[in-house]
Amino acid sequence: RFQQVQSMMCDLMEWRSQLLSGTLPKDELKELKQKVTSKIDYGNKVLELDLIVRDEDGNILDPDKTSVISLFHAHEEATNKITERIKEEMSKDQPEYASYCRMSSSPTHSLYVFVRNFVCRIGEDAELFMSLYDPQKSTIISENYLVRWGSRGFPKEIDMLNNLKVVFTDLGNKDLSRDKIYLVCQIVRVGRMDLRDSNSKKYTQGLRRPFGVAGTCCL
């Protein structure tokens, strides 16, 4: 039972950090809240604690504002869900080693990136978008970190020189189990339509054009 509760606590800690990050879309946030409340109710049942009834959004029902019949139906529905959950958990046959590795590892991880310099002859201002990328699934798994780089080879905000740092947070065990994770930098040129334009009358300003991309394996 101790190992069972420990596993549930690891899940709750990981999900809690995701909720507090404030980076989840509204639909994923709602789905994650439902997973959290479901896990809590299941844990209460395992520990033989009182059953807590909730509404569709996962909020605890107020007995002073809810009718007796509604409370009865909510109790009945919650009991059926927990019973089904117990059957599912009992049917799972997880190897002890995999369970041990999962519980012994940290529930959340972070990747610290320090941008020291950007060496690329563009001749105009640029925007650098850095993100984590899963090559196997061909998808970006993080938010973008934006760095605005000037045409003279320095950050646009000069006070950010030697202080361009970012931490990619809330990387769970699922992310560490990926085959590879790349740190990808997308380069966008900001300025003229064509770098060869030399006549000032034909200049177009502020246009954003893809210029290049770079990547390195980080995990």
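## Reading salt bridges, a helix and a pocket

Analyst: In this predicted model, Glu124 and Arg189 form a salt bridge in which the closest N and O atoms are 2.8 Å apart. The pair links distant parts of the chain, since Glu124 lies in the loop between β1 (109-115) and β2 (125-134), while Arg189 belongs to strand β6 (residues 182-191), 65 residues apart.

User: Are Glu124 and Arg189 buried or exposed?

Analyst: A residue is called buried when its relative accessible area is under 20%. Glu124 therefore counts as buried at 11% relative accessibility, and Arg189 is buried as well, with a relative accessible area of 8%.

User: Which other residue forms a salt bridge with Glu124?

Analyst: Arg192 does, with the closest N and O atoms 3.1 Å apart. This pair, too, links distant parts of the chain, as Arg192 sits in the loop between β6 and β7 (207-217), 68 residues from Glu124. Arg192 counts as buried because its relative accessibility is 14%.

User: What is the setting of the salt bridge between Asp125 and Lys156?

Analyst: The side chains of Asp125 and Lys156 meet at 2.9 Å, N to O, and they link strand β2, which holds Asp125, with the loop between β4 and β5, which holds Lys156, 31 residues apart. Asp125 counts as partly exposed at 23% relative accessibility, and Lys156 is partly exposed at 47%. Shared partners, by contrast, join Glu124, Arg189 and Arg192 into one network of salt bridges. A search of the whole structure finds six salt bridges.

User: What volume does the largest pocket have, and which residues are the closest to its centre?

Analyst: The volume of the largest pocket is about 1,100 Å³. Of the 30 residues that line this pocket, Gln18, Leu24, Glu28, Asp170 and Asp175 are the closest to its centre. The elements α1 (2-21), α2, β5 and α5 (173-176) each supply at least two lining residues, and the largest share, six residues, comes from β5.

Notes. Residues are numbered from 1 along each chain as its sequence is written. This is a predicted model: local features need pLDDT of at least 70, side-chain atom pairs count only at pLDDT 80 or more; totals for chains, interfaces and linings use all residues. Side-chain values use heavy atoms; hydrogens and water are left out. On a 1 Å grid over the protein atoms alone, a cavity is a set of points where a 1.4 Å probe fits but cannot get out, and a pocket is an open set with protein on both sides within 12 Å along at least five of seven lines; lining residues have an atom within 4 Å of a point. Grid points are joined across faces, edges and corners, and a volume is the space filled by probe spheres set on the points. Helices (H or I, at least four residues) and strands (E, at least two) are DSSP runs, numbered from the N terminus. A salt bridge is a side-chain nitrogen of Lys or Arg within 4 Å of a carboxyl oxygen of Asp or Glu. Buried means under 20% relative accessible area, exposed over 50%, partly exposed in between (1.4 Å probe, protein chains only).
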